[in-house]
Amino acid sequence: MHERHDAPLAPLTTFRLGGPAARLVVAVTDAEVIEIVREADETGTPLLVIGGGSNLVIGDKGFEGTALVIATKGHELTGTHLELAAGEVWTDAVARTVEAGLAGIECLAGIPGSAGATPIQNVGAYGQEVSSTITDVTAYDRRTGETVTLTNADCEFSYRHSRFKADPDRYIVLRVSFELEDADGLSAPLKYAETARALGVAPGDRVPLAQARETVLKLRAGKGMVLDPEDHDTWSAGSFFTNPILTDEQFAEFHARVERHLGADAVPPAYPAGEGHTKTSAAWLIDKAGFTKGYGTGPARISTKHTLALTNRGEATTEDLLTLAREVVAGVRDTFGITLVNEPVTVGVSL
Ligand code: EPU
């Protein structure tokens, strides 16, 4: 464990934004994590937990409390069962399961951040979500002071949401367990049309694991969604907004607005999202509301590769980023009557 005072937090985030923390502690074992959390709770000190920093917007004033970096290590593969320490780098864990010939998380390649963060917002991409493979999550419960195991059902997973996100100050994720599939070196059936198309197969087909992983990495990179320290187009938090889920009634109203605004032939993206609900695309809404790729003239702009990624061009402040985000939210609301919700967690600021 090591600690510093008045420590910069910006380098710990993929946005490279935010002021300093009064105190910064890096914990490398579960016991250290628990010790710091307990100490903060007993003294009433505000606590900010940092994993990979890929989904975090920290205010320019920084954080008046203890910032705790979870840097625990542990990768145990027993047959098809995988247990990861919260501090493991997610992309490395995916690469290792693919090497081991196991399917279930290969389409989640290239997602920045730590393993411990994946259950919190039920990380998903290209037709896979961690909720399909997670068996249980070991966490420290700040309410009872005990270490508990939550089963998949206990986690209450849904689209980019979970019990951890619903009750953000309660659990500190320590370890995550997955049940993977041994499909003789093949991937899970490909669910995402774009991935299947890129591989020249039909949705539902399986392909060699490494091919699935590499194709996803290529698709992500084409959208600026793979972190590259040299490329400001990737200084982002991936998708900045979640895709709105509308009731059938709301969707009909929205469709009518789309036709009024874009012409009778315009068809908004629609994906089934459970009984009576439809998911539409935030990227599409942003684009069609006039915020096209590369939008902006200031230090915070929309990525040149994907409208859903807001980026720091190198000189931005958090306030610059939030000004852009608010402009996008207001523009989409005025045009389509839908209020976008941010995906990253905000600290000391809000939209
Ligand atoms: N689109 C545009 N303009 C753009 C980009 C996309 O209009 O600049 C429209 C297109 O119509 C496209 C649709 O948006 O068909 C959807 O785009 P895409 O397939 O890239 O997916 P997304 O809905 O924008 C989601 C996740 C991503 C994930 C991809 C692939 C959310 C909020 N985002 O993006 O996750 O990688 O699907 O599965 O659910 C993340 O959460 O940080 C993230 C990157």
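**Sheets, ligand shell and selected residues of a predicted model**

At 3% relative accessibility, T66 counts as buried (buried means under 20% relative accessible area, exposed over 50%, and partly exposed in between, with a 1.4 Å probe and protein chains only). The model is a predicted one, in which local features need pLDDT of at least 70 and side-chain atom pairs count only at pLDDT 80 or more, while totals for chains, interfaces and linings use all residues. Residues are numbered from 1 along each chain as its sequence is written, and side-chain values use heavy atoms, with hydrogens and water left out.

T66 belongs to strand β5 (residues 63-70); helices (H or I, at least four residues) and strands (E, at least two) are DSSP runs, numbered from the N terminus. Leaving aside residues up to four places away in sequence, T66 touches R23, V25, I36, T45, P46, L47 and L48, where contact means heavy atoms within 4.5 Å. With R23, T66 makes a polar contact from side chain to side chain at 3.3 Å. A polar contact is a pair of N or O atoms within 3.5 Å; within protein, one must be able to donate a hydrogen and the other to accept it, and residues adjacent in sequence count only if both atoms are side-chain atoms.

An open sheet is formed by five strands in the order β6-β7-β12-β10-β11, with antiparallel pairing; two strands pair if DSSP finds at least two bridges between them. Since β6 (75-78) and β11 (146-151) stand at the edges, each with a single partner strand, one side of each is left without a neighbour in the sheet. From one strand to the next, the twist averages 20 degrees. Strands β6 and β7 (residues 81-85) run antiparallel and are joined by four bridges, and E76 stands opposite E83 in β7.

Two helices lie across strands of this sheet. Helix α1 (residues 30-43) lies across β10 (134-141), β11 and β12 (171-179), running at about 150 degrees to β12. Helix α2 (residues 90-99) lies across β6, β7 and β12 and runs at about 160 degrees to β7. Axes are lines fitted to C-alpha atoms, for helices over the stretch in contact, and angles run from 0 to 180 degrees between N-to-C directions.

A second open sheet has three strands in the order β13-β15-β14, again with antiparallel pairing. Its edge strands, β13 (245-247) and β14 (271-272), each pair on one side only. Two bridges link β14 to β15 (residues 277-279) in the antiparallel sense, and K279 in β15 is the bridge partner of Y271. Helix α6 (residues 248-262) packs on the sheet and touches β13 and β15, its direction making about 100 degrees with that of β13.

The ligand is surrounded by 24 residues, the closest being Y126, Y159, K223, D287 and H306; a residue is counted if one of its heavy atoms lies within 4 Å. Oxygen atoms of the ligand lie 3.0 Å from an N or O atom in the side chain of R160, 2.9 Å from a polar backbone atom of S239 and 2.9 Å from a polar side-chain atom of N243. Taken alone the ligand exposes 820 Å², of which the protein buries 82% (Shrake-Rupley method, 1.4 Å probe). Elements giving two or more residues to the shell are β8 (124-125) and α7 (282-288); α7 gives the most, with three residues.

R160 is found in the loop between β11 and α3 (163-166) and is buried, with a relative accessible area of 15%. Although not a glycine, R160 has a positive phi of about 50 degrees.
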